[in-house]
Structure formats: structure tokens, C-alpha cells
Amino acid sequence: MHRDLVEVSNVWQCDSRIDALKAEHEALNRAIKAAELALESATQSVAQADQALTSAKAADRANTRELDSYTEKRTATRQMIDTGTAPDYAAAERQLANVIARIDALENSGLELLDRLEAAQAHLRAAERERESATAALAAAKADLASKDGPIRKELGEILPRREAAWEHMHPELKPMYQDQRRKKKRALVNVVEKTCSVCSTFVPPQVWLDTDSGKEAHRCTGCGGWILP
Ligand SMILES: [Zn+2]
């Protein structure tokens with residue numbers, strides 16, 4: 001292998017590993033952020049469901065109170081009619097009919113409120129379950145980072161000096177070209193597969209891979225700029 005290729009490869013191997021380690025660390029942190037957001041939204045859902053249940057309970061209580069008072073009114077009005085103590089018999093009959101109609105309506109709305117209560121309770125239970133699993137997911141994401149953080153930092157600590165040494169060793173003419181590849185987020189090394197670059201599919205002339213294979217010269221792909229591997 002041509003010495004340019006060896007030098008580029010030494011730096012590239014370090015950089016690739018550094019990139020992978022950093023990406024892994026970032027992904028672990030992103031997972032925690034996402035789990036925190038999910039927990040936040042699950043907590044909000046629980047609060048909303050709790051509020052809905054509270055207001056359903058209040059509406060049910062108000063309905064029951066009103067129903068109780070109309071039931072008392074019905075008993076009192078019937079008594080007046082039955083005992084003949086109503087000052088105006090026809091008015092008392094009309095009042096009784098109105099009271100009975102109101103009781104019917106309140107009984108109906110009572111049934112609807114019961115449905116609403118049950119739905120609100122089920123909703124709250126579901127929201128609480130979701131919050132529970134969001135809490136567990138956040139704990140798992142934090143444990144994941146805690147277990148991998150040390151090894152990632154340790155490996156970075158080992159590889160960074162190796163990268164420095166490889167960089168020191170690289171021919172000065174290669175450095176700006178290499179940095180250019182890195183800046184463009186392109187691979188520094190490419191393979192030739194069926195006479196084309198494995199990364200960008202640019203045709204690689206026979207002389208180029210003959211030179212490369214024999215180690216006579218180092219070439220870069222004219223498409224993506226990667227150094228061609230034998
Ligand atoms: Zn290419």
C-alpha cells in the first residue's frame with residue numbers, strides 16, 4: 001500500500017471511531033431528552049384528566065343536589081294536593097307536572113353524568129399508566145447513559161492521543177486534502193467495486209487501480225475525493 005494511503009488510513013480509522021463514539025454519546029443524551037419530554041407530556045395528560053374528573057364529579061354532585069330538592073318539592077306538592085291544603089288547586093297541579101318534568105330531566109342528565117364520570121375515571125387511569133411507563137423509560141434511558149458514559153470516555157481518552165500521533169505523522173501535503181474531506185463530511189477512503197467508486201459510483205480508470213494495487217501511487221476518486229484503497 002502506498003505510504004499516503006497508510007497515513008490517511010491511520011488518521012481516518014481514528015476519526016471514524018471518534019465520530020462513532022461521539023454519535024453514540026449524543027444518541028444516548030437525545031434518548032434522555034426525548035424521554036423527559038414524553039414524561040412531561042404524560043404528566044400534563046394526568047393533570048388534565050384529573051381536572052376533567054374533578055369537574056365531572058362536581059357536575060354530578062350539583063345534579064344530585066338539584067334532584068334531591070325537586071324530589072322534596074314533589075312530595076310537598078303532592079301532600080298539599082292530597083290533603084286539600086293547596087291555596088290554588090289548579091296551580092298546584094301545574095306545579096306538580098312541572099316538578100315531575102324537571103325530575104325526569106335531572107334523572108336523564110344524572111345518567112349522562114354517570115357515563116361522563118366513568119369515562120373520566122378510565123381516562124385518568126390510562127393517563128396514569130402512560131405516566132408510569134414514561135417514568136420507567138426515562139429511568140432506563142438514564143441507566144443506559146450511566147453504563148456507557150464511562151467506557152465511551154475511556155475509549156475517547158485512548159484514541160485521541162493516537163489520532164494526534166497519526167496526524168503528526170501525515171505528510172503536510174495530505175493534511176489540507178484530508179481536512180477538506182472531513183469538512184465536507186465525506187469518507188477519506190473508498191473501495192473500487194466493479195470499476196467504480198463504492199461511495200459515489202464514479203468510474204475508476206484501469207491505470208488508477210493498477211497503480212493503487214501495486215502501491216506505486218495513491219489516487220483519489222474524481223467524484224467524491226476519497227483515497228482509493230487497493
Ligand atoms: Zn467516489
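Visitor: Which residues are the protein donors of the zinc ion?
Guide: This is a predicted model, where local features need pLDDT of at least 70, side-chain atom pairs count only at pLDDT 80 or more, and totals for chains, interfaces and linings use all residues. Residues are numbered from 1 along each chain as its sequence is written, and side-chain values use heavy atoms, with hydrogens and water left out. Donors are N, O and S atoms within 2.8 Å of the metal (3.2 Å for Na, K and Ca), and sites may look incomplete because water is not among the atoms. Lying 2.3 Å from the zinc ion, the donors are the SG atoms of Cys197, Cys200, Cys221 and Cys224.

Visitor: What arrangement do the four donor atoms around the zinc ion have?
Guide: Four donors count as tetrahedral if all angles lie between 85 and 135 degrees; four count as square planar and six as octahedral if opposite donors are over 155 degrees apart and all others between 65 and 115, and anything else is irregular. Here the donor atoms subtend angles of 98 to 116 degrees, so the arrangement is tetrahedral.

Visitor: And how are the donor residues of the zinc ion spaced in sequence?
Guide: Two of them, cysteine 197 and cysteine 224, are 27 residues apart in sequence. The spacing of the donor residues reads C-x2-C-x20-C-x2-C.

Visitor: Where do cysteine 197 and cysteine 224 lie?
Guide: Helices (H or I, at least four residues) and strands (E, at least two) are DSSP runs, numbered from the N terminus. Cysteine 197 has a relative accessible area of 2% and cysteine 224 one of 9%, so both are buried (under 20%; exposed is over 50%, partly exposed in between, with a 1.4 Å probe and protein chains only). The pair ties together separate parts of the sequence, as cysteine 197 is in strand S3 (residues 196–197) and cysteine 224 in the loop between helix H4 (206–214) and strand S4 (227–228).

Visitor: Which residues does threonine 212 touch, not counting residues up to four places away in sequence?
Guide: Threonine 212 is part of helix H4 and is buried, at 1% relative accessibility. Contact means heavy atoms within 4.5 Å. Its partners are Leu5, Glu217, His219, Ile228, Leu229 and Pro230.

Visitor: How far apart are the end C-alpha atoms of H1?
Guide: The expected span of a helix is 1.5 Å times one less than its number of residues. With 81 residues, H1 should span 120 Å, which agrees with the distance found between its end C-alpha atoms, 119 Å.

Visitor: Is aspartate 15 buried or exposed, and what does it contact?
Guide: Aspartate 15 has its place in helix H1. With a relative accessible area of 3%, it is buried. Leaving aside neighbours within four places in sequence, aspartate 15 is in contact with Arg163, Tyr178 and Arg182.

Visitor: What is the phi of lysine 185, and what is that of serine 201?
Guide: Lysine 185 is in the loop between helix H3 (174–183) and strand S1 (189–190), and it is exposed at 79%. Serine 201 is in the loop between S3 and H4 and is exposed at 55%. Neither residue is a glycine, yet phi is positive for lysine 185, at about 55 degrees, and for serine 201, at about 65 degrees.

Visitor: How far apart do the C-alpha centres of domain 1 and domain 2 lie?
Guide: The chain is divided into domain 1 (3–170) and domain 2 (172–230), with bounds that come from an automatic or database domain assignment. The two do touch, as 13 residues of domain 1 are in contact with 16 residues of domain 2. Their C-alpha centres are separated by 54 Å.
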